[in-house]
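These are my notebook entries on one model, set down in the sequence in which I looked things up. I began with charged side chains, then turned to helix packing and to backbone angles.

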Amino acid sequence: MTNTALPVVLAGARGHGRWHLDNIRRLQDKGIVELAGVCELTPLAPGELPDGLGTPEQSADFGGLLDSTGARIAVICTPIPTHTDLALTAARRGVHLLLEKPPAPSYAEFRRMADGVAEAGVACQIGFQSLGSHAVPAIRGLIAQGAIGEPVGIGGAGAWARAEEYYRRAPWAGRRRMNGADVIDGVLTNPLAHAVATALALGGAPHAEDVTGVETELLRANDIESDDTSCVRVTTATGRRITVAATLCAENPGEPYVVVHGTSGRITFWYKQDRVLLQRADHGPEESVYGRTDLLENLVDHLTDGAGLLVAPDETGAFMKVVEAVRRSPDPAPLPATAWHLLPGENRRVVPGIDGLVAAAADTLALYSELGAPWAAGTGPLPKEVST
């Protein structure tokens, strides 16, 4: 390990945190970071650490671990309600941050985190990996060049499947609140949050002040507090509409995507694959696959070479306005028992016809109720106002 490797502490190394362990190992092999500590309530067993990461210090005391390791960077991949306090614990020590999405469960908590980080003068990267895709600036360039005429709206679609066990993986899974604290673990705010954030980014509306209205339709087929089948429509300060529809009850799960609609064409972006399809008048379809900049690597480059941060907190302000609208909406409506069935072999609930509705919402910018879904007739859209 070289002297230039920045010491990193990972908070939350199980679940999605395992991905971060592998990524830190990759960057450690490049000599730019070193895993100095792991913060978990129960220490990792030797077999839970990827080979080559050595024996990092372990502790349940996050602040103490940052102090004892001399960490320069903290990666926070813990339950949503803990994000703000842990981020501020690091910021007060001058430790820079990679904070997993969603950054907070409410707009007030987001502002408390973002303002505290800014006051402390540390760098903070929010973990929307799709915004590290080189396709994002490429699509913005195509829009600016008029490749699809005038942009008229953005759609997002995510049809995923999750077994009932998914909601038992952690005490906060599928919850809107727990022990008096907001959680807001819904389909649009956590598993398919990238669809929302990416649609807002491509719509030129990443900041809180870019959002003037949010309409929500939140439903659930599973026996949970939060939503698993929902759609949201954002109105931007420029009058553009951005509609994202998502479900975890798909019949045939597929790759989520964002589509930019123009007066003379469209651009479809499968953001997990960095794949872009340009369709425009008087041209054949053009497909491209782009590279991606890892967000932890970008944070290191920012600290060592002055590279610009790809996903600073303010770049997720509009997303947090959507989270706030979901939080303030009535609790998700349970779908009638006739609207879903259990897929026995996979122990997951399926909503017949939802795949087509998700795609239609992204295509037409309409909500489920406007597309004639009988089970969405009484759900909204709610609310139309955005509060700060």
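**Charged pairs**

I started with E165, which at 40% relative accessibility counts as partly exposed, where buried means under 20% relative accessible area, exposed over 50%, and partly exposed in between, with a 1.4 Å probe and protein chains only. I noted for the whole entry that this is a predicted model, in which local features need pLDDT of at least 70 and side-chain atom pairs count only at pLDDT 80 or more, while totals for chains, interfaces and linings use all residues. I also noted that residues are numbered from 1 along each chain as its sequence is written, and that side-chain values use heavy atoms, with hydrogens and water left out.

The partner of E165 is R168, and this salt bridge has its closest N and O atoms 3.8 Å apart; the rule asks for a side-chain nitrogen of Lys or Arg within 4 Å of a carboxyl oxygen of Asp or Glu. R168 itself counts as exposed, at 58% relative accessibility. I then looked for bridges with shared partners, and found that R26, K30, D294 and E297 are joined by them into one network. By this rule I count 25 salt bridges.

Next I took the pair D29 and R25, whose closest N and O atoms are 3.0 Å apart in their salt bridge. Both sit in helix α1 (residues 17-29), and because they are four residues apart there, about one helical turn separates them; helices (H or I, at least four residues) and strands (E, at least two) are DSSP runs, numbered from the N terminus. D29 is exposed, with a relative accessible area of 54%, whereas R25 is partly exposed at 26%.

Which residue does R349 pair with? I found a salt bridge to E164, with the closest N and O atoms 2.7 Å apart. This pair links distant parts of the chain, since R349 is in strand β19 (residues 348-350) and E164 is in the loop between β7 and β8 (177-178), 185 residues apart. R349 counts as buried at 14% relative accessibility, and E164 likewise counts as buried, at 17%.

**Helix pairs**

I then turned to α2 (residues 62-69) and α3 (residues 83-92), which pack at an angle of about 30° with their axes 10 Å apart. That makes α2 roughly parallel to α3, given that angles under 35 degrees count as roughly parallel, over 145 as roughly antiparallel, 65 to 115 as roughly perpendicular and the rest as oblique. Axes here are lines fitted to C-alpha atoms, for helices over the stretch in contact, and angles run from 0 to 180 degrees between N-to-C directions.

F62, G63 and L66 of α2 meet L86, T89 and A90 of α3, contact meaning heavy atoms within 4.5 Å. Sorted by class, this contact of α2 with α3 has four nonpolar, two polar and no charged residues; Ala, Val, Leu, Ile, Met, Phe, Trp, Tyr, Cys and Pro are taken as nonpolar, Asp, Glu, Lys and Arg as charged, and the others, Gly among them, as polar.

I stayed with α3, which is mostly covered, eight of its ten residues being buried. The cover over the buried residues of α3 includes α2, β4 (73-76), β5 (96-99) and α4 (107-120). Just after α3, G94 takes a positive phi of about 75°.

For comparison I looked up α6 (residues 193-202) and α8 (residues 317-328), which pack at an angle of about 130° with their axes 9 Å apart. That makes α6 oblique to α8, and their crossing is right-handed. The contact is formed by A193, V196, A197 and L200 of α6 with A318, F319 and V322 of α8, and by class these residues are seven nonpolar, no polar and no charged.

**Backbone angles**

Finally I checked the peptide bonds and phi angles. The bond from K101 to P102 is cis, with omega near -15°, and P102 is found in the loop between β5 and α4. D282 has a positive phi of about 65° although it is not a glycine; D282 lies in the loop between β15 (275-280) and β16 (286-289) and is exposed, at 80% relative accessible area. N347, also not a glycine, has a positive phi near 50°, and it is partly exposed, with a relative accessible area of 22%.

Conventions: A crossing is left-handed if the near helix is turned anticlockwise from the far one by less than a right angle, and right-handed if clockwise.
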